[in-house]
Amino acid sequence: MPCLNLNTNVSLDGVDTSSILAEATSSVANIIGKPAAYVMIVLKGSVPIAFGGNEQPAAYGELVSIGGLNPSVNKELSAAIASILETKLSVPKSRFFLKFYDTKGSNFGWNGSTF
């Protein structure tokens with residue numbers, strides 16, 4: 001049920017996106033404490049993004065989860081995802097925002113219904 005949407009202005013051509021998706025899935029599942037089988041990662045590259053008035057590598061993400069989020073978990077998630085983006089896509093940690101949404105199961109659709 002956790003869904004992490006990542007957008008970056010970095011081109012993903014020639015990038016091993018599978019390793020990014022795998023690492024992000026593992027990090028989200030382990031840190032939030034949810035089964036990896038329910039974690040979704042959406043990664044979009046070449047998205048026009050300006051940060052601080054320039055278009056150097058940057059990223060923006062949103063993570064939605066049914067429970068499991070709190071200030072310490074969010075801080076740990078921010079560090080983990082920023083590290084992946086920095087290592088795999090050369091996006092500096094200082095050029096990445098991550099927004100967190102804790103939602104009710106009735107606000108999250110799955111399998112033709114809701115949680």
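**Figure 1. Leu 21 in helix H1 of the predicted model.** In this predicted model, Leu 21 is found in helix H1. Leu 21 is partly exposed, since its relative accessible area is 31%, a value that lies between the limits of 20% for buried and 50% for exposed residues. When neighbours within four places in sequence are left aside, Leu 21 is in contact with Ile 41 and Leu 43. Between Leu 21 and Thr 87 there are 66 residues in sequence from one to the other, and their C-alpha atoms are 13 Å apart in space.

**Figure 2. Helix H1 and its surroundings.** Helix H1 has 16 residues. From its first C-alpha to its last, H1 reaches 22 Å, close to the 22 Å expected at 1.5 Å a residue. The buried residues of H1 are Ser 19, Ile 20, Ala 24, Thr 25, Ser 27, Val 28, Ala 29, Ile 31 and Ile 32. The elements that cover them include S1, S2, S3 and H2. Just after the helix, Gly 33 takes a positive phi of about 85°.

Figure 3. Four strands form an open sheet in the order S2-S1-S3-S4, and their pairing is mixed. S2 and S4 stand at the edges; each has a single partner strand, so one side of each is left without a neighbour in the sheet. On average, and with direction ignored, neighbouring strands of this sheet are turned by 10° against each other.

**Figure 4. Strand pairing around S1.** S1 and S3 pair in the antiparallel sense, over 6 bridges. Cys 3 stands opposite Val 64 in S3. S1 and S2, in turn, run parallel and are joined by 5 bridges. Here the bridge partner of Asn 5 is Val 42 in S2. Together, S1, H1 and S2 make a β-α-β unit, which is right-handed.

**Figure 5. Helix H2 and its buried residues.** The 19 residues of H2 should span 27 Å at 1.5 Å a residue, and its end C-alpha atoms are 26 Å apart, which agrees. Buried in H2 are Val 73, Asn 74, Leu 77, Ala 80, Ile 81, Ala 82, Ile 84, Leu 85 and Leu 89. The cover over these buried residues includes S1, H1, S3 and S4.

**Figure 6. The largest nonpolar core.** This core has 27 residues. Those with the most contacts inside it are Leu 4, Val 28, Leu 77, Ile 81, Leu 85 and Phe 96. At least two residues of the core come from each of strand S1 (3–8), helix H1 (17–32), strand S2 (40–44), strand S3 (59–65), helix H2 (71–89) and strand S4 (96–102). H2 gives the most, with 8 residues. Apart from this core lies another, of 5 residues, among them Met 1, Cys 3, Val 64 and Ile 66.

**Figure 7. The contacts of Leu 77.** Leu 77 is one of the buried residues of H2. With neighbours within four places in sequence left aside, Leu 77 is in contact with Ser 27, Val 28, Ile 31, Ile 32, Leu 63, Leu 69, Leu 98 and Phe 100.

**Figure 8. Two serines with positive phi.** Most residues other than glycine have a negative phi. Ser 46 has a positive phi of about 55° although it is not a glycine. The place of Ser 46 is in the loop between S2 and S3, and Ser 46 is partly exposed, with a relative accessible area of 48%. Ser 90, also not a glycine, has a positive phi of about 60°. The relative accessible area of Ser 90 is 53%, so Ser 90 counts as exposed, the limit for which is over 50%.

Key
Residues are numbered from 1 along each chain as its sequence is written. This is a predicted model: local features need pLDDT of at least 70, side-chain atom pairs count only at pLDDT 80 or more; totals for chains, interfaces and linings use all residues. Side-chain values use heavy atoms; hydrogens and water are left out. A nonpolar core is a set of buried Ala, Val, Leu, Ile, Met, Phe, Trp, Tyr and Cys residues joined through side-chain atoms within 4.5 Å. Buried means under 20% relative accessible area, exposed over 50%, partly exposed in between (1.4 Å probe, protein chains only). Contact means heavy atoms within 4.5 Å. The expected span of a helix is 1.5 Å times one less than its number of residues. Two strands pair if DSSP finds at least two bridges between them. Axes are lines fitted to C-alpha atoms, for helices over the stretch in contact, and angles run from 0 to 180 degrees between N-to-C directions. A crossover is right-handed if, with the strands pointing away from the viewer, the path from the first strand over the helix to the second runs clockwise.
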